[in-house]
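Please study the sequence and the model before reading on.

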Amino acid sequence: SAPVAAEPFLSGTSSNYVEEMYCAWLENPKSVHKSWDIFFRNTNAGAPPGTAYQSPLPLSRGSLAAVAHAQSLVEAQPNVDKLVEDHLAVQSLIRAYQIRGHHVAQLDPLGILDADLDSSVPADIISSTDKLGFYGLDESDLDKVFHLPTTTFIGGQESALPLREIIRRLEMAYCQHIGVEFMFINDLEQCQWIRQKFETPGIMQFTNEEKRTLLARLVRSTRFEEFLQRKWSSEKRFGLEGCEVLIPALKTIIDKSSENGVDYVIMGMPHRGRLNVLANVIRKELEQIFCQFDSKLEAADEGSGDVKYHLGMYHRRINRVTDRNITLSLVANPSHLEAADPVVMGKTKAEQFYCGDTEGKKVMSILLHGDAAFAGQGIVYETFHLSDLPSYTTHGTVHVVVNNQIGFTTDPRMARSSPYPTDVARVVNAPIFHVNSDDPEAVMYVCKVAAEWRSTFHKDVVVDLVCYRRNGHNEMDEPMFTQPLMYKQIRKQKPVLQKYAELLVSQGVVNQPEYEEEISKYDKICEEAFARSKDEKILHIKHWLDSPWPGFFTLDGQPRSMSCPSTGLTEDILTHIGNVASSVPVENFTIHGGLSRILKTRGEMVKNRTVDWALAEYMAFGSLLKEGIHIRLSGQDVERGTFSHRHHVLHDQNVDKRTCIPMNHLWPNQAPYTVCNSSLSEYGVLGFELGFAMASPNALVLWEAQFGDFHNTAQCIIDQFICPGQAKWVRQNGIVLLLPHGMEGMGPEHSSARPERFLQMCNDDPDVLPDLKEANFDINQLYDCNWVVVNCSTPGNFFHVLRRQILLPFRKPLIIFTPKSLLRHPEARSSFDEMLPGTHFQRVIPEDGPAAQNPENVKRLLFCTGKVYYDLTRERKARDMVGQVAITRIEQLSPFPFDLLLKEVQKYPNAELAWCQEEHKNQGYYDYVKPRLRTTISRAKPVWYAGRDPAAAPATGNKKTHLTELQRLLDTAFDLDVFKNFS
Amino acid sequence: FREASEEAFSGSAQPRPPSVVHESRSAVSSRTKTSKLVEDHLAVQSLIRAYQIRGHHVAQLDPLGILDADLDSFVPSDLITTIDKLAFYDLQEADLDKEFQLPTTTFIGGSENTLSLREIIRRLENTYCQHIGLEFMFINDVEQCQWIRQKFETPGVMQFSSEEKRTLLARLVRSMRFEDFLARKWSSEKRFGLEGCEVMIPALKTIIDKSSEMGIENVILGMPHRGRLNVLANVIRKDLEQIFCQFDPKLEAADEGSGDVKYHLGMYHERINRVTNRNITLSLVANPSHLEAVDPVVQGKTKAEQFYRGDAQGKKVMSILVHGDAAFAGQGVVYETFHLSDLPSYTTNGTVHVVVNNQIGFTTDPRMARSSPYPTDVARVVNAPIFHVNADDPEAVIYVCSVAAEWRNTFNKDVVVDLVCYRRRGHNEMDEPMFTQPLMYKQIHRQVPVLKKYADKLIAEGTVTLQEFEEEIAKYDRICEEAYGRSKDKKILHIKHWLDSPWPGFFNVDGEPKSMTCPATGIPEDMLTHIGSVASSVPLEDFKIHTGLSRILRGRADMTKNRTVDWALAEYMAFGSLLKEGIHVRLSGQDVERGTFSHRHHVLHDQEVDRRTCVPMNHLWPDQAPYTVCNSSLSEYGVLGFELGYAMASPNALVLWEAQFGDFHNTAQCIIDQFISTGQAKWVRHNGIVLLLPHGMEGMGPEHSSARPERFLQMSNDDSDAYPAFTKDFEVSQLYDCNWIVVNCSTPANYFHVLRRQILLPFRKPLIIFTPKSLLRHPEAKSSFDQMVSGTSFQRVIPEDGAAARAPEQVQRLIFCTGKVYYDLVKERSSQDLEEKVAITRLEQISPFPFDLIKQEAEKYPGAELAWCQEEHKNMGYYDYISPRFMTILRRARPIWYVGRDPAAAPATGNRNTHLVSLKKFLDTAFNLQAFEGKTF
């Protein structure tokens, strides 16, 4: 303690004048006489005594004493410049630790890898005294006292500290087991908050009670894996060994969040440690987990199921620490790492929405990541970019990275181009807390701060648990082949439980018998559960449901009925919605002239009792809103619509950012309508909407692709969640995909939504003719399918299928191929008559022209779907073949309307059957429709093909080729001799 | 004193010591002043740092002046935007004229060490708050930060000669008048014009000029549709008539593929850079509408070009990626690509990213499109500097671009140039933007085009005269008109003129393969033995491997002795023999070095020395081609795109991407759909990439089971109903006509052959291989050297060769299958003792479908029922593909029955018991000779 060691004034005698001159000069050399300037300058520059006097001093009082004083002052004070410099240096030094301290923190429990992949110590961190030279300081400065800048809290109550102590405290705060990365955040207040949390001396302290809780949680975490290992030593379980601290970490985040008012936590995580989290965080009954290891366990007939480390869970319980109710849900996920991220976000957003939690004070999400996937998978980035968008934000997520410094067999140096796996969080200015997971108290502290951060700023935060993986990727895998030295160290590594127990025993917080008792207590719990688990002979996947829908099903989980009411509406509702859709329901709101024209047209359609596509959608949405169904339409540019036809958000042409959504002005007590332009992501956004749709059956959640072909960047969500979600996880989902599709000469992109791919994934058997006489045939078929695929040819039918989606007593994903040019096609209109009470969605629209009046004269029955219908009718008319060729539209492709099509075929006994599509032969619907049509008619007749040839690309890039192909397929469709010579 | 001195800092009066003598008071007052001096210097240092960190937040980046480029109109409290904000630092107006020492972290002083505060602030404002916004202080490297500070802070650093200004103007003229010309001639055609960011043309040209100056000879570009035609015309210098003729709707396509729209096509051009007088090759990689999907492809191609030139440090070849703001923030592949940028086997040693940040994505406001301040924050992940610049200040743009090029060629790291601009029209020329962005577009309508602004400036400066300017315009307009005149003669479009990666010498001059045959893919026995012995040895001295691995190598040695191979060894033989022939082999993917199933072990790890490894494959022959095997990051989209790009560069390399499990390929679905399956049809571009997709139903649950063969087969372009003409070269011409090859080998030897055939073919097609998991260790899944020696070839079909084949007329059922289920079938047949009644024939090449061989097989067993057996569910696997083709080749005379699992939503059950039950069930059906009695087909 040498607080004033640097005080130079105590030794000098005083001469105000010289001093004033000197100070004035220091402030501004030009403010004093030039001779003083030269004098001070020379003296400051270290001129030896005497030489500074080259110019006589114009001292009015001209005393030698004053001159001597001036000299002594400057001599005593060459250090004022130095003082300035040194303070600048110390400020820089403090900042250096704040910015770069984490680079030297001891984060790797193994002590062999650098968590930042870089063993170099930043030049500006004082790892040895000679590095003081970087700042122009030396060892002698260590005991000088420096004033602390306002950007640090290391002083605690003190505002000045000796340099030695400054460095010591900075090292304590930034270079121990916690590495804090936050200085990239562009917000001063947030930086100060973090500095205060980590720099304040003595801030990281735990009561004995807290330490014992932590130990008990570590016991559970560790002994759970050991129990599994003992019982099923040759089974994959993706154990948590090496990161056992994850369990107390998550529990701390949940405790702290519960304390701050959160009562619902939604979690997503990969396979590693998942069983442990289910057992010890969510508190799934142990016997339910153990019985899954029994290879003879039979599945109840509820779906094809999934492996145990993918299943989800929903559990409501009392948080023991806060004594408050808390609901925990872990979302089921596939092997595709990180794919569950946006799904968890979407579900969280929905839960927040339904409980009016607009600020995320009640519902929050926690996402767990592996280090390699967090850095490798683009979906992580896409999800982060949703985190602050008004219609997608969940008001902050706590991310926990299980950073075991290896990805399967791959070294982190080969797995990422950033120092840490967590750098993606920099993109959204989220702080990143790295922590050595062999220091459980540091981990708890960091988790606590992370939870507080989330509830204070409602922004994302990342906890990076730097740990290791004790076994191979799974328990059967040999890691020594590829990581020999790392695994030699791991073999030597004392487990964290043992380390921490020894610490607490040595501190006297617990004694050895207490500790051993804690262990045997938990082991007993496991043994008892294991005994009970042997009674389980049947696996009920529904016990693993992550999002139950109370009240929607019967107690057995069955639909409440097997019928669907009429999806029609009364005329006055149609008219009312139509009127609102063609008006601006807000006063003094100027819309664009072009838009006025569009609204006027809508008004006229309403008057004429017709709808086009946009209006039909309006009717469907508007009427469901009236019934209390929340509607959410999300996707790129959906507010206006890719094809500028929807205009659900009106923009005042004179007032910036003033908008109006007429759909929210329909009825006094309507449900809210959300329409939101998403970021330019498909994978992230579709995942998000799927998650949103999971939360409740009483909402119509729609994702629209900008063009249908873009769905394939979200292929993983479609393949892993939408198509098999119910089969794997008994989880129904009513999400609707709107995929603009149609061959319009726009080139290989923007043409095809790849219907063939969706149809290929349908789970119905082409060769099995179902019992057509069964009651509710159509509903049963829908109930059995994995999703519904439709392509509507009329606005009326589009209206019905959207409404049916909600009126059905169960939920299935609905894939709709939506039109592009038909949006404006004058014939693609429907009359109100097709939408009135009693009307339904038409799975098939039969021919109803002259051909239908004299069916026996019909020589060819063409089946088709979607837009090509309009080309076909035009061509038929042009060829004057309305009596010879019947054209029937299949609107619902899957489940396949066997019943209605059989009727159609039977109606035209003399007709050849042909399927016509504008898509290429290996695309579109042909491969799906043909075997099913053949089954329908017991293979009595061939089903010919009229369409484009097979192709690699969905469409040609050449306009002329496009038109030639179109003409050719129309020619085939109407050339009645074309199939004569084929067998 | 302590308190007195304290006071100076805290600024609040505290009780003074009771006995303060005059002298000490004045000392304190002096001390106070000194403290204040210290404090003020601290403040000034903070202030300088504040500008360096946050100056970009107040820079005038938006040419429209209405939006904040960082989406935040908030002015950081530590920037001195008004005098009263000096108080943030406890400074005041009076301090403005005081002199301050400058810290070493700034260059604003030039040669001065001190400056007045007023001047400090002025210079900081000039550097950081004008038309350039610099983001770089997050970079964890002091040297790099200093470099950037020096480039931008040094007074007067941004100066241009008249010559440079005139060049810039001329380039702007071209950029601008090109779009004007198109708009005039084809007013109702989509072209995704560059209006509002015309400066991109001079920007790209500056980057290229500067890079050429620093030694770069080959620049590979990737970009989206916006401004693409302009880049083709004015950067790559595609002949204008080639571009113009594409607007003619009557233009017929030469029969080379189905083609693509004009703003997706690629280009390759070699020319002299006029500024540096050096040769430069420019290539623009073709791309689909899927924004940013081309990023990893460009990187892969760049890496390959660097590799083939031995340009290990990226001094000769570089890539430039152009992005749109919304996609740069929205698409995950951007992030995945950035994460490849510094990995040893994937780095291109720095990419210059140029963002055309028109502050709108189609109709979507940037506030709804991203959660970061700028669209460019992804670059922070890899510590790449980000230079934002107002695109209406062409000189600032050019300066920033030249610094970016210098950065790339100095540090060989990525850098981002963010051109903050606007989009003068709608998303395309037909779209009305006023519906959704009324105020922005009101401003845009008032906005003076950048060319006019800049021309006015230069005329005012006297750098050019109005007349010269008008002449420049007239000159370029004339060039356009003349090209337009010529373009009318074009009646046929040759897509090959738009090829981005020509392979000189590989095809004949017409672009046709040099032959239509494929030599035998077998190799001499001594070569097999040699490769086998290297594969079972450690070719380095004093290299200690794991004992488990020693056992594996011993097993290999035994196999070699016994003249057999398993899967891993067969692969070794294929790779090793190609390396001998000078074919570079590159195998990339997650954990490929060891292999997901721990069977490959191409990289040996010394158990005692950290990071000492050995790749025996590189120790095979003295003059062999190099072998690259590299564990990738945990990405599929990015890495598969990268390897596709790598395979584009040369036909003389075998480039393989292996999925960790086959089902993960779908996160890279866009690369498969938009590039691999369709690449040749759209862009006449051959590509020989190989996808290795582990596949098989082994009770592992819905994931890790299926590589979705059905999806690949569905995308094959052959006609199921067309009865083929069996010409002499049927096998090879079928391969030539297909869009890709899909195989599932049941023996290691056949796997060996198909890999070698991939290179010995006279053309290139993507090859999709479903690879085994449990078969890797199956004792029966071995092949003898006899099946691999000279004269042997890939077997598209492996016919039954057991008892059934010897008395074919006795056979009651002929089962066709592919892959692993063969072994289950054989086992079951033997246990049911049906070897004479049931024949089992394996289909190894599924697409193109071996009509010829299948026909032979079916005809050989006239009395047999035909059945297709697969372990996959009915709507998956191969059945839907093979069934109609069987019907065609059988002329619908005999049915082909289905044996396998029922249709399903998920690829496999998660329940082990269910898995086994369903396996048993379909095996029962396969050998139940009454199963199909009475059924119709």
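Q: How are α21(A) and α22(A) oriented to each other?
A: In this predicted model, the axes of helix α21 (residues 683-695) of chain A and helix α22 (residues 715-722) of chain A come within 8 Å and cross at roughly 30°. Axes are lines fitted to C-alpha atoms, for helices over the stretch in contact, with angles from 0 to 180 degrees between N-to-C directions; helices (H or I, at least four residues) and strands (E, at least two) are DSSP runs, numbered from the N terminus. Angles under 35 degrees count as roughly parallel, over 145 as roughly antiparallel, 65 to 115 as roughly perpendicular and the rest as oblique. The two helices α21(A) and α22(A) are therefore roughly parallel.

Q: How many nonpolar, polar and charged residues has the contact of α21(A) with α22(A)?
A: Contact means heavy atoms within 4.5 Å, and A:Tyr683, A:Leu686, A:Gly687 and A:Leu690 in α21(A) meet A:Cys716, A:Ile717, A:Ile718, A:Phe721 and A:Ile722 in α22(A). Ala, Val, Leu, Ile, Met, Phe, Trp, Tyr, Cys and Pro count as nonpolar, Asp, Glu, Lys and Arg as charged, and the others, Gly among them, as polar. By class, the contact has eight nonpolar, one polar and no charged residues.

Q: What area is buried between chain A and chain B?
A: In the interface, 164 residues of chain A are in contact with 160 residues of chain B. Buried area is the accessible area (1.4 Å probe) that two parts lose on being put together, summed over both. Carbon and sulfur atoms give 52% of the buried area, which is about 13700 Å².

Q: Which helix holds both A:Glu165 and A:Arg169?
A: A:Glu165 forms a salt bridge with A:Arg169, with the closest N and O atoms 2.6 Å apart. The two residues are four apart, about one turn of the helix, and both lie in helix α5 (residues 163-174) of chain A.

Q: Where is A:Pro895 found?
A: Most residues other than glycine have a negative phi, and most peptide bonds are trans. The peptide bond from A:Ser894 to A:Pro895, however, is cis, with omega near -5°. A:Pro895 is found in the chain A loop between β26 (892-894) and α29 (898-907).

Q: In which loop is the place of A:Arg283?
A: A:Arg283 is not a glycine, yet has a positive phi of about 70°. Its place in chain A is the loop between α9 (274-282) and α10 (286-290).

Q: From which end of a chain are residues numbered, and which atoms do side-chain values use?
A: Residues are numbered from 1 along each chain as its sequence is written, while chains are lettered from A and ligands numbered from 1 in the order in which they are written.

Conventions. Predicted model: local features only at pLDDT ≥ 70, side-chain atom pairs only at ≥ 80, totals over all residues. Heavy atoms only, no water. Salt bridge = Lys/Arg side-chain N within 4 Å of Asp/Glu carboxyl O.
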